[in-house]
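Keep the viewer open as you read.

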Amino acid sequence: MALLTICMCIYTLMTLTARSELVLNAETTTTQILENANADLTGRVAIITGGTSGLGQETARSLALLGCKVILTARDHFKGNKVRSAIIRDLKHHPLLKIPVAELYRNIDVKYLDLSSLQSVLDFAKEFWRE
């Protein structure tokens, strides 16, 4: 699962930067990539596992900035909602935000998911397809 996510991120970065003069290196930020990409992910849905910290959180932030509906999965719902609030607070006044702020609140959701539990994965999948 993690390998698939990494491959998808690399493909997305390659696709977004192929149309620009941006050179990727160790200091390249997601904001720089997004500024050069002119991408719009409105209407797309991304499920982010590990979205409450590190790369997962930054990925959720970046996808939400581009208008993507983001589902943050977390074992700790409190922590997930805290990250959701932080992302919204960071993006509310961001110049690259592709959607109205009111829609940003609807586009970031937190769902319980414990990847070490098959029952949790099945419950999450059933709920996801119901919505």
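## The start of helix α4

At the N-terminal end of α4, a side-chain oxygen of Asp76 comes to within 3.0 Å of the backbone nitrogen of Phe78. That falls under the heading of a polar contact, a pair of N or O atoms within 3.5 Å where, within protein, one must be able to donate a hydrogen and the other to accept it, and where residues adjacent in sequence count only if both atoms are side-chain atoms. A word on what you're looking at: this is a predicted model, in which local features need pLDDT of at least 70 and side-chain atom pairs count only at pLDDT 80 or more, while totals for chains, interfaces and linings use all residues. Residues are numbered from 1 along each chain as its sequence is written, and side-chain values use heavy atoms, with hydrogens and water left out.

## The rest of α4

Helix α4 covers residues 77-91, which makes 15 residues. From its first C-alpha to its last it reaches 21 Å, close to the 21 Å expected at 1.5 Å a residue; the expected span is 1.5 Å times one less than the number of residues. Helices here are DSSP runs of H or I with at least four residues, strands are runs of E with at least two, and both are numbered from the N terminus.

Which residues of α4 are buried? They are Gly80, Val83, Arg84, Ala86, Ile87, Ile88 and Leu91. Buried means under 20% relative accessible area, exposed means over 50%, and partly exposed is in between (1.4 Å probe, protein chains only). The buried residues of α4 pack against α3 (54-65), β2 (69-74), α5 (101-107) and β3 (108-112), with contact meaning heavy atoms within 4.5 Å.

## The overall layout

Zooming out, the protein has 6 helices and 3 strands, in the order α-α-β-α-β-α-α-β-α from the N terminus on. Of its 131 residues, 35% are buried. Among contacts with a separation of 6 or more, 59% are between residues 24 or more positions apart.

Leu104 sits in helix α5 and counts as buried because its relative accessibility is 0%. Leaving aside residues up to four places away in sequence, Leu104 touches Ala64, Ile88, Leu91, Lys92, Leu97 and Ile99. Its C-alpha is 9.1 Å from that of Cys68, which is 36 residues apart from Leu104 along the chain.

Thr73, in strand β2, is buried as well, at 4% relative accessibility. With residues up to four places away again left out, its contacts include Ile47, Ile48, Thr49, Lys111, Leu113 and Phe124.

## Salt bridges

How many salt bridges does the structure hold? There are 3, a salt bridge being a side-chain nitrogen of Lys or Arg within 4 Å of a carboxyl oxygen of Asp or Glu. One of them joins Arg61 to Glu58, with the closest N and O atoms 3.6 Å apart. The two residues are about one helical turn from each other because they are 3 residues apart in helix α3. Arg61 is buried at 14% relative accessibility, whereas Glu58 is partly exposed at 28%.

Lys111 has two partners: Asp109, at 3.4 Å from N to O, and Glu127, at 3.0 Å from N to O. Lys111 lies in strand β3 and Glu127 in helix α6, so this pair ties together parts that are 16 residues apart in sequence. Lys111 is buried, at 12% relative accessibility, while Asp109 is partly exposed at 24% and Glu127 is partly exposed at 29%.

## The surface

The protein has an accessible surface of about 8,400 Å², and 59% of that belongs to carbon and sulfur atoms; areas come from the Shrake-Rupley method with a 1.4 Å probe, and for residues only the protein chains shown count as cover. Leu115, Leu118, Val121 and Leu122 form a nonpolar patch there, with about 360 Å² of accessible area together. Patches take residues with over 30% relative accessible area and no salt bridge, joining like charges within 9 Å and nonpolar side chains (Val, Leu, Ile, Met, Phe, Trp, Tyr) within 5 Å. Leu118, in helix α6 (residues 118-130), counts as exposed because its relative accessibility is 63%.
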